[in-house]
Amino acid sequence: MEYFFTDEEKILKEKVCKIAEEMILPIRDELDKKAEFPREIIERMAKEGLLRIFIPTEYGGTGAKIMDMSIACEEVARICAGVATAYAVGALGSGPIIYFASEEQKKKYLPKIASGELFCAFGLTEAQAGSDVANIKTTARKEGDYYILNGVKQFISNGSIADVYVVLASTDKSRGARGISAFIVEKGLAGFDFGKHENKLGIRTSTTTELVFSDCKVPKENLMGKEGMGFIYTMRNFDRARPGVGAIGLGVAQGAYEAVLKFTAEKNLLGNQYIQGKIADMATEIEAARALIYAAARSIDAGIKNTTKPASFSKLFPSDIAMKTTLDAIEIMGPYGLLREYNVEKMLRDAKITQIYEGTNQIQRGQIALEIIREIGYKRSE
Amino acid sequence: MEFSKETILLQNEIRKFAKDVIAEKVDEFDKQGIFPIENIKKLAQMGILGATIPESFSGCALDTVSLLVCLEEISKVCPSTALILATHNILFSSPIAKFGSDTQKNKYLPSAAAGEIIGGFAEMATNELKISGNLDSWIINGKNPILLNGVANGPFILFAEIKGRLNALIIDENTPNITKDKKDNVIGMHASGITQVAFDNCIISKQNLMGSDSNGEKILEEIKSFANLAFAAINLGICQAGMENAIKYAKERVQFSEPIINFGMVREMIADMATKIEAMRLLMYDSANIKDSGKDFSREAAIVRYFSNQGVAKITTDAIQVYGGYGYMKDYPVERYFRDAQVSRVLCSSNIENKELIVSRIT
C-alpha cells in the first residue's frame, strides 16, 4: 500500500533493510543459538547513523521522529526481533532524557547516544512490579550531594551492555506513584552491579539482566527533572515508545509471511484455497497493523496532545498479529516449520515477547478501555 | 468422563509415576536434550510399551481409552516422553500388529513390548527421498530431518513412494548406509530424541515391506487416524498442564495489591482454557470409545485433532501471557509447554488434511 513516505523516510527504510539483510540475516541463527549480544551489528548501525533517528536535531540526531523509529524497527525485526530489541532499547532508553532531562543532561548524553558512543537501557521493572509499575521497591535516599540507591531491577533489556541507564526509584515511599523519581545512572558506578542473566524463549540475542543497586551513590545532578515525577515521565515515554514496539511485532509478522510465501511457492502449494485464505488473511492483517502504526506515529510526531489510545492500539494489534501470523506460519509449513533452518520457529519464539514487554497486551486493553470510558464521560453508578 | 475401574487404576499408577519419577529430571532433560531411557525402561516394565501389541506377542493390548489416558497423564508432566510412547506404540507397533506379516510380528513385537527395542517413525511430510530399484530391492537416497525416536536406535517405519505407489517399510536399526544425527534442530520436544536420518545408496530388501502387498495408502490412513488421537492426547496433557500452571501462578502473583487471578482479563484466559480443555477431553475419549467399539473413528479423530491443535496453540500462548515476563524465561515450565505444543500440533497430519477428511466424511 502507498504510505506517502517522504524522501528521507524512503532512504531510511532502504538503508535499514540493506543493513539487516547484509549483516543480520547471515548470522541471525548463530546469534539466537549463542544468545550473544550483537555488538558488531549495533556498532555498524551506529556508524550508519541509525541511532541518530532517536535523537532531536539540536543534539546531533535527525529529529526523534516516531515514524522513523517505526520504519527502522520493522525493517530490523523483519530479519531479527532480537537485534531490533537491542537496537530500539539502546536508544529508547534515551526517551526520558530527551523529554524530561535538564539542558545540561541533554548536552552531556544525547549527542553521544546519537553517535553510538553511549548505549542506553531503561530500568523500571522489578520482581514485584511488572504490570504494577508503581509498586517498585528500589529506593533513592537523599544524602547530601547524593542519592543512595538500593534495590534490584529485573528483566532489563541491554542490562550490562548499556553505558547509560535511566532508573526509576522511590524517593518518597509514602507518596506511592507520586514518590517515584528518575535517575541517570552510568555503568561502572560503585554499588551498581548486574545480577542474573536471563535465559529466554526468544529474542535471545538481546541481553536481559538484573540491575543490582547496593548503597549506590548517584550524584544529585543525575536526578532527571523533578523528584516524584518519574512515574509520569515513564507513562509519557511509553506513549512515545509503543509504535516502535508494535513495529517490532509487525517486522516479525512480515518476516514470517515472507517465509511462508517462499515455502508455499517452492512446494507448489499456492493453488490450494486453504493456503490462499491464510495468506490473504496474513497480508491483510499485516497491512492493517502497519497502517495503524504509521497513523499513531504520525499523530505523535504531529504533536497531537493525547496519544495514549493510538499508542496502545499500535502496540496491541501488531503484537497480536505477530503471534497469529507466526502460529499460522508453523501450521502452514507443518513439520518443516519446526526446523531451525526455515526460521519461522525463531520468529514464533520472538513474536511472543511483543505481547508482553513494554506493557502487556492486557495493560494496553485496559489503557484503551479507560480512554474510551473517559471520552464518553461514563461514570459507574453504584 | 467416566472411565472403567481398570482405566482409573492405570491412570492413578501412571499419574504417580509421572509425578514421582518423570517430573524429577524433566527440566534437565529438556535443556540438555537427553532421551529419558531409564524412564522408558520402567514404563516398559509397567507394560506401557506393549499397549498396542496383542497378548499373543507379549503385549498387553490396552484399550484405546486407557492408552490415551496414559499419554495425557504423561504429557502433563513431560510431553517429550508422551511423544516417545506415542511413536513407539501407535506409529510403530500398532501398524505392524495390524498389517505386518507373521515373520515381522515375531521379529519386532515381543521385543517392542518388552522395551528391548524402541520403534521409530520418519515424519511423512518431511521425507526427501529418491528411490530406485528392481524386483527384489530398492535403493534409497536422501534424507528426512524428522525421525521420531531416532536417538533410541531402534527399527523405524518409513513411508516411501515407489513407482507411484505408497509403501510402508520397516527399516532395521543397523541397516548399512543410514546415518542419523541429532542436530537440536527442532523447536520443542527436546527430550524425545528426534534425529535427522540420511540414506546414502541404502539398499532395502522387499522383505522390509510391511505386510504382504504394498497397501501403503491404507496403512497410512489407519496410522494417521490413530495418531490423531494420540497427538490429541498429548495436546490435551499440555493444555491441562498449561492451565494448571497458569492458575497456580495467577493465584500467587500479586499486582495492584491483588492476586492477578482476580482480574477479569486473566479470568477470561483461564475460562477459555477450561472450556477448550473440557471440550477436547470429551471429544477425544468419545472418539476413543468409538474406536474401541470397532467402528470407523476417522472423522471423530480428525475433528478432535484439529480442535486440539488450535487449543494447544492458544492455551500455551495464553499460559505464558498469564505469567507475563516470567513466562518468557526458561525458569518456568510454560516456556517448554509452548515449544512442545508446536511439535504436537503439526506432526503426522496437518489441519488442512484433517479438515479435508472431516468434510469428505460428512458430505
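Predicted model: local features only at pLDDT ≥ 70, side-chain atom pairs only at ≥ 80, totals over all residues.

User: Is the crossing of H1(A) and H3(A) right-handed or left-handed?

Analyst: Residues are numbered from 1 along each chain as its sequence is written, with chains lettered from A and ligands numbered from 1 in the order in which they are written. A crossing is left-handed if the near helix is turned anticlockwise from the far one by less than a right angle, and right-handed if clockwise. For H1(A) and H3(A) the crossing is right-handed.

User: Which way do H1(A) and H3(A) run relative to each other?

Analyst: Helices here are DSSP runs (H or I, at least four residues), as are strands (E, at least two), numbered from the N terminus. Helix H1 (residues 7-24) and helix H3 (residues 39-47) of chain A pack at about 150°, with their axes 11 Å apart; axes are lines fitted to C-alpha atoms, for helices over the stretch in contact, and angles run from 0 to 180 degrees between N-to-C directions. Angles under 35 degrees count as roughly parallel, over 145 as roughly antiparallel, 65 to 115 as roughly perpendicular and the rest as oblique. H1(A) and H3(A) are therefore roughly antiparallel.

User: Which residues of H3(A) make the contact with H1(A)?

Analyst: Two residues are in contact if their C-beta atoms, placed from the backbone, lie within 7 Å. H1(A) brings Ile19(A), Met23(A) and Ile24(A), and from H3(A) come Ile41(A), Arg44(A) and Met45(A).

User: How many nonpolar residues are in the contact of H4(A) with H5(A)?

Analyst: Cys73(A), Val76(A) and Ala77(A) of H4(A) meet Ala81(A), Val83(A), Ala84(A), Tyr87(A) and Ala88(A) of H5(A). Ala, Val, Leu, Ile, Met, Phe, Trp, Tyr, Cys and Pro count as nonpolar, Asp, Glu, Lys and Arg as charged, and the others, Gly among them, as polar. This contact has no polar and no charged residues, and the nonpolar count is eight.

User: Which helix gives the most to the side of domain 1 of chain B that touches domain 2 of chain B?

Analyst: An automatic or database domain assignment places domain 1 of chain B at 5-113 and domain 2 at 120-208. In their contact, 19 residues of domain 1 meet 17 residues of domain 2. With ten residues, the top contributor on the domain 1 side is H5(B).

User: How many residues does chain A give to the contact with chain B?

Analyst: Chain B supplies 29 residues, and chain A supplies 30.
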